Amino acid sequence: MPRESDILTAFTDAIRLDTNTGVRTVSTADFVRLLEGYNWHFSMKQANEWIKAHTTTFRDITPDNSQSRLYRQFNPNGGV
């Protein structure tokens, strides 16, 4: 049975760090893939809605209108 706390765990596991720039990003596709491992079955739209509702430091930087979005962390203190 999936647990609510697993959603945040999957999100934090989906965060990628660019070692050259120090920028943290997360893609909807990675988040959805990791959620599957915790028995959560989100669509891309549901995952995007969760990110928008539950994070304050990530902003959408997707160059197109696709559902597979890319979010960048803008908080220098590293909060979620």
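In helix 2, the buried residues are Thr-28, Phe-31, Val-32 and Leu-35, where buried means under 20% relative accessible area, exposed over 50%, and partly exposed in between (1.4 Å probe, protein chains only). Helices (H or I, at least four residues) and strands (E, at least two) are DSSP runs numbered from the N terminus. The model is a predicted one, so to speak of local features takes a pLDDT of at least 70 and side-chain atom pairs count only at pLDDT 80 or more, while totals for chains, interfaces and linings use all residues. Residues are numbered from 1 along each chain as its sequence is written, and side-chain values use heavy atoms, with hydrogens and water left out.

What sits over that buried face of helix 2? The cover includes helix 1, strand 2 (24-27), helix 3 and strand 4 (70-73). Leu-35 gives a closer look: leaving aside neighbours within four places in sequence, Leu-35 is in contact (heavy atoms within 4.5 Å) with Ile-7, Ala-10, Trp-40 and Phe-42. After helix 2 comes Asn-39, with a positive phi near 65°.

Helix 1 has its own buried set, namely Asp-6, Ile-7, Ala-10, Phe-11 and Ala-14. Down the axis of helix 1 they fall within an arc of 140°, so they too line one face of their helix. Packed against them are strand 1 (16-17), strand 2, helix 2, helix 3 and strand 3.

Next comes the largest nonpolar core, which has 16 residues. A nonpolar core is a set of buried Ala, Val, Leu, Ile, Met, Phe, Trp, Tyr and Cys residues joined through side-chain atoms within 4.5 Å. Ile-7, Phe-11, Val-26, Phe-31, Leu-35, Phe-42 and Trp-50 touch the most other members. Two or more core residues come from each of helix 1 (5-14), helix 2 (28-37) and helix 3 (44-54), with helix 1 giving the largest share, 4 residues.

As for the strands, strand 4 pairs with strand 2 in the antiparallel sense over 3 bridges, pairing being called when DSSP finds at least two bridges between two strands. Here Thr-25 has Arg-72 as its bridge partner. Strand 3 (residues 58-60) also runs antiparallel to strand 4, joined by 3 bridges, and Asp-60 is partnered with Tyr-71.

Key
Arc of directions from axis to C-beta.
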